[in-house]
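Biologist: Please give me a close look at one part of this model. Then place that part in the context of the rest of the chain.

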Amino acid sequence: MDVVSDADVEAVEAVEGVFLTQGAAGEETSIQRFVIEPGEKVPTHDHPHEQIGVVTEGTATFVVDDEDLLVEPGDTYVIPGDEPHAALNRGDETVVGYDIFSPPRANPDWQD
């Protein structure tokens, strides 16, 4: 069993005000922690990985097919692979959550 502590992994500022921390990665899935500061966003992008997540703090707005979807603490979501999506923090609180990717996304582009 592998254990990865947030304290042992340096967060990467993927885009301004958006911090990602790579967690554990297995044969079938991987997990990352995300932090989105107030007023910041993850621009529209896509990837082949199915993405399942949970917001633990703050409220995120996901934009999929020009539709705004609010995700509040405790809400879970799934984004199919290759589906363009964006994430915004329109609130005053920092958004924190976790995304699980399948297949694993252990070395995403933001680490290059």
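Modeller: Asp 82 is found in the loop between strand E8 (76-79) and E9. Strands here are DSSP runs of E with at least two residues, helices are runs of H or I with at least four residues, and both are numbered from the N terminus. The phi angle of Asp 82 is near 70°, a positive value in a residue other than glycine. Its relative accessibility is 52%, so Asp 82 counts as exposed. For these classes, buried means under 20% relative accessible area, exposed means over 50%, and partly exposed covers what lies in between, with a 1.4 Å probe and protein chains only.

The model is predicted, so local features need pLDDT of at least 70 and side-chain atom pairs count only at pLDDT 80 or more, while totals for chains, interfaces and linings use all residues. Residues are numbered from 1 along each chain as its sequence is written, and side-chain values use heavy atoms, with hydrogens and water left out.

Asp 66 also has a positive phi in a residue other than glycine, here near 60°. Asp 66 sits in the loop between strand E6 (60-64) and E7. Its relative accessible area is 79%, so Asp 66 is exposed.

A salt bridge is counted when a side-chain nitrogen of Lys or Arg is within 4 Å of a carboxyl oxygen of Asp or Glu. Side chains of opposite charge can pair when their charged atoms come close. The structure holds two such bridges. In one of them, Asp 68 pairs with Arg 90, and the closest N and O atoms are 2.7 Å apart. Asp 68 belongs to strand E7 (residues 67-71) and Arg 90 to the loop between strand E9 (85-88) and strand E10 (95-102), so this pair ties together parts that are 22 residues apart in sequence. Asp 68 is partly exposed at 43% relative accessibility, and Arg 90 is exposed at 53%.

The other bridge joins Asp 6 and Arg 33, with 3.2 Å between the closest N and O atoms. It links distant parts of the chain, since Asp 6 is in the segment before strand E1 (12-15) and Arg 33 is in strand E3 (residues 30-36), 27 residues apart. Asp 6 is partly exposed at 37% relative accessibility, and Arg 33 is partly exposed at 25%.

With a relative accessible area of 7%, Thr 21 is buried.

Ile 52 belongs to strand E5 (residues 50-57) and is partly exposed, at 38% relative accessible area. Leaving aside neighbours within four places in sequence, Ile 52 contacts Tyr 77, Val 78, Tyr 98, Asp 99 and Ile 100. Gln 22 is 30 residues from Ile 52 in sequence, and their C-alpha atoms are 15 Å apart in space.

A cis peptide bond joins Ser 102 to Pro 103, with omega about -5°.

Now the chain as a whole. It has 10 strands and zero helices. The C-alpha atoms fill a box of roughly 35 × 30 × 30 Å along the principal axes. A compact globule of 112 residues would have a radius of gyration near 13 Å, and the chain agrees, with 13 Å; the radius is taken over C-alpha atoms, and the globule rule is 2.2 Å times the number of residues to the power 0.38. Among contacts between residues at least 6 apart in sequence, 63% join residues at least 24 apart. Buried residues make up 33% of the 112. The accessible surface comes to about 6600 Å², 47% of it belonging to carbon and sulfur atoms; these areas come from the Shrake-Rupley method with a 1.4 Å probe.

On charge, the chain has 4 positive and 26 negative side chains, and the centres of the two sets lie 5 Å apart. Lys and Arg count as positive and Asp and Glu as negative, with His and the chain ends left out. Each charge is placed at NZ of Lys, CZ of Arg, CG of Asp or CD of Glu.

Methods:
Contact = heavy atoms within 4.5 Å.
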